[in-house]
There are 2 protein chains.
Amino acid sequence: MTAETILSAHDRIRSYIHRTPVLTNRTIDALAGAELHFKCENFQKIGAFKARGGLNAVLQLAPHELKSGVTTHSSGNHAQAIAYAAREVGAKAYIVMPRTAPQVKKDAVRGYGAEVIECEPTLDAREQGVAEVIARTGATMIHPFDDDRVIAGQATAAKELLEDATGNRPFNWLLAPVGGGGLLSGTALSAHYFAPGTRVLAGEPEGAADAILSFQSGRVESAPYINTIADGLLTTLSERTLAIIQQHVTDIKTVSDPEIIAAMRLIWERMKIIIEPSCAVPLAVVLKHKDLFAGQKVGIILTGGNVDLGKLAF
Amino acid sequence: MTAETILSAHDRIRSYIHRTPVLTNRTIDALAGAELHFKCENFQKIGAFKARGGLNAVLQLAPHELKSGVTTHSSGNHAQAIAYAAREVGAKAYIVMPRTAPQVKKDAVRGYGAEVIECEPTLDAREQGVAEVIARTGATMIHPFDDDRVIAGQATAAKELLEDATGNRPFNWLLAPVGGGGLLSGTALSAHYFAPGTRVLAGEPEGAADAILSFQSGRVESAPYINTIADGLLTTLSERTLAIIQQHVTDIKTVSDPEIIAAMRLIWERMKIIIEPSCAVPLAVVLKHKDLFAGQKVGIILTGGNVDLGKLAF
């Protein structure tokens, strides 16, 4: 993927997305001993950065493809992203969701006019659900991260952060959480092309520590166990995202759920904004490894704000 | 109070405060059937609009007054506002707080370098505490709302909202919650001077319904009973705020706690920002009286974001 791919993606999606603000907070800076700039994708359309990748993929479909609609399987933000993108281009969306997904998420997807197909909460059942949709409708599948169009879309968040942060000093670091690696790949590519010298680091929950293993071994690995509040980060990498991450990411650090919850609470209390547990992971890394970031300028992508207020961790 | 008083207040405090953003939200507009512009004082210094009034009062004290420090009694945002303002001018602050106030609030006040004096949780004990501080130190008392300097400071929030909201169409309404009436008085004066033709309406909890009675009778009345989640709005008006409110406010509407909680949840979920229950009151009024606001442009002052995340209503 070239710089031009990301620039084109940004031009393509610009009128469909919010240019989300970059916030700073003196209290958190003082606690971290660093200069933190938060890119607020919790304020993005559908409440998460995934609107970017979904739009960049859907907007590149040919008219005959759009006619048959789009499909994906997701229990979370990617479902809403594809439903939203499809609505914007007047296409049908068929979203396969595990029947155990929160009602509020199913309602949100239906709210964008998509058809929700419920399935058992296993990867097999989800993939079979999508296969059935495709057989029935001819819809095009949009993968949540194993797709260059999606990665280029996610890359635009870091691009905007680099453009909009205050001060002339370049970033020392950009930080993103890692699940399937779509956002992390895009962030790393944007840093590579638009801010050479800025290193990229990922945060991962201890209870979904597959990316750090894959990063070390060079193969897509599974997590030793899955048990974390950061439910947006459970997926493993793909060959595609792993290759980009190995080339352009400096390191991956893991944090525990108590560290994630403490960082999330700090952002809620001090910045007065609502973020998902997943996007507190990078701040938890900064607070755990203060030596790495002391006095440095750090960009953090806050990935989304879709939380179930009825089930809060504090 | 003249327009010039508010303009001067704004010039005086401008470099000490954030020019907080004005946010809009399509989903909430669709639910309300109106065009809502939210002035986000939850992002203000100390997490609430009260920084404005506190600063405007403290910044007008003479050097010999500042030398003896400032004092007030408050269990909430005014305590932090005075502590913050005093720190900014290098004065001592003595804050009398009920011993039952949340530890996090006492810590926040101490965090601004103020001395916290704990007292029994009654108005008598609070006033006696302040009297003792004054006898001991000669500090100047800054009342949370019964003070023209404080009212002029609070008025600057509405002034900014009028200046910053998108679109050329004038506001039909400005809405604020009412407790002691400092913010409401200031809002009404800003509308009167800077947006003639824009009406002002207040929201009040049913469980602290003193202002509506006072508005009707023309005398400062007490609430029939106190029982509401909107703990920033328990105070009665003063003669000063009642006079301004009677002259410049069109109406006061009450809402129940379930209505307040629903409006608060809507703002958290859809706007991804953290607001106090008190500042959900005006949106609750809009959703309850849709006929009043149908198709109109409405400005709502979101007063603050200082909530105890350990004790949420949902």
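**Helix packing and chain contact**

In chain A, helix H3 (residues 50-58) packs against helix H5 (residues 77-89) at an angle of about 45°, and their axes lie 8 Å apart. H3(A) is therefore oblique to H5(A). The model is a predicted one. Two packed helices are described by the angle between their axes and the distance between the axes.

**H3 and H5 of chain A**

- The crossing of H3(A) and H5(A) is right-handed.
- On the H3(A) side, the contact is made by Lys50(A), Ala51(A), Gly54(A), Leu55(A) and Val58(A).
- These residues meet a set in H5(A) that includes Asn77(A), His78(A), Ala81(A), Ile82(A) and Tyr84(A). Ala85(A), Ala86(A) and Val89(A) of H5(A) also take part.
- Sorted by class, the contact of H3(A) with H5(A) has 9 nonpolar, 3 polar and 1 charged residues.

**H3 and H8 of chain B**

- Helix H3 (residues 50-58) of chain B and helix H8 (residues 148-164) of chain B cross at roughly 135°, and their axes come within 7 Å.
- That angle makes H3(B) oblique to H8(B).
- The crossing of H3(B) and H8(B) is right-handed.
- H3(B) contributes Lys50(B), Arg52(B), Gly53(B), Asn56(B) and Ala57(B) to the contact. Among the residues on the H8(B) side are Arg149(B), Val150(B), Gln154(B), Thr156(B) and Glu160(B).
- The contact of H3(B) with H8(B) has 4 nonpolar, 5 polar and 4 charged residues.

**H5 and H6 of chain B**

- Helix H5 (residues 77-89) of chain B and helix H6 (residues 103-111) of chain B have axes that come within 8 Å and cross at roughly 15°.
- Angles under 35 degrees count as roughly parallel, and H5(B) and H6(B) are therefore roughly parallel to each other.
- The crossing of H5(B) and H6(B) is left-handed.
- From H5(B), Asn77(B), Ala79(B), Gln80(B), Ala83(B) and Arg87(B) are in the contact, and they meet Lys105(B), Ala108(B), Val109(B) and Gly111(B) of H6(B).
- By class, the residues of the contact of H5(B) with H6(B) are 4 nonpolar, 3 polar and 2 charged.

**Contact between the chains**

- Chain A brings 19 residues into contact with 19 residues of chain B.
- Between them, chain A and chain B bury about 1500 Å², with 60% of it on carbon and sulfur atoms.
- Of the area that chain A buries against chain B, 42% comes from Lys272(A), Ile274(A) and Leu309(A), more than from any other three residues.
- The count of salt bridges between chain A and chain B is 0.

**Salt bridges**

- Over all chains, the count comes to 46 salt bridges.
- One pair is Glu120(A) with Arg99(A), whose closest N and O atoms are 2.9 Å apart.

Terms used: Residues numbered from 1 in each chain as written. Chains lettered and ligands numbered in written order. Predicted model: local features only at pLDDT ≥ 70, side-chain atom pairs only at ≥ 80, totals over all residues. Heavy atoms only, no water. Axes fitted to C-alpha atoms, helices over the stretch in contact; angles between N-to-C directions. Helix = DSSP H or I, 4+ residues; strand = E, 2+ residues; numbered from the N terminus. Parallel < 35°, antiparallel > 145°, perpendicular 65-115°, else oblique. Left-handed = near helix turned anticlockwise from the far one by under 90°. Contact = heavy atoms within 4.5 Å. Nonpolar A, V, L, I, M, F, W, Y, C, P; charged D, E, K, R; others polar. Buried area = accessible area lost by both parts, 1.4 Å probe. Salt bridge = Lys/Arg side-chain N within 4 Å of Asp/Glu carboxyl O.
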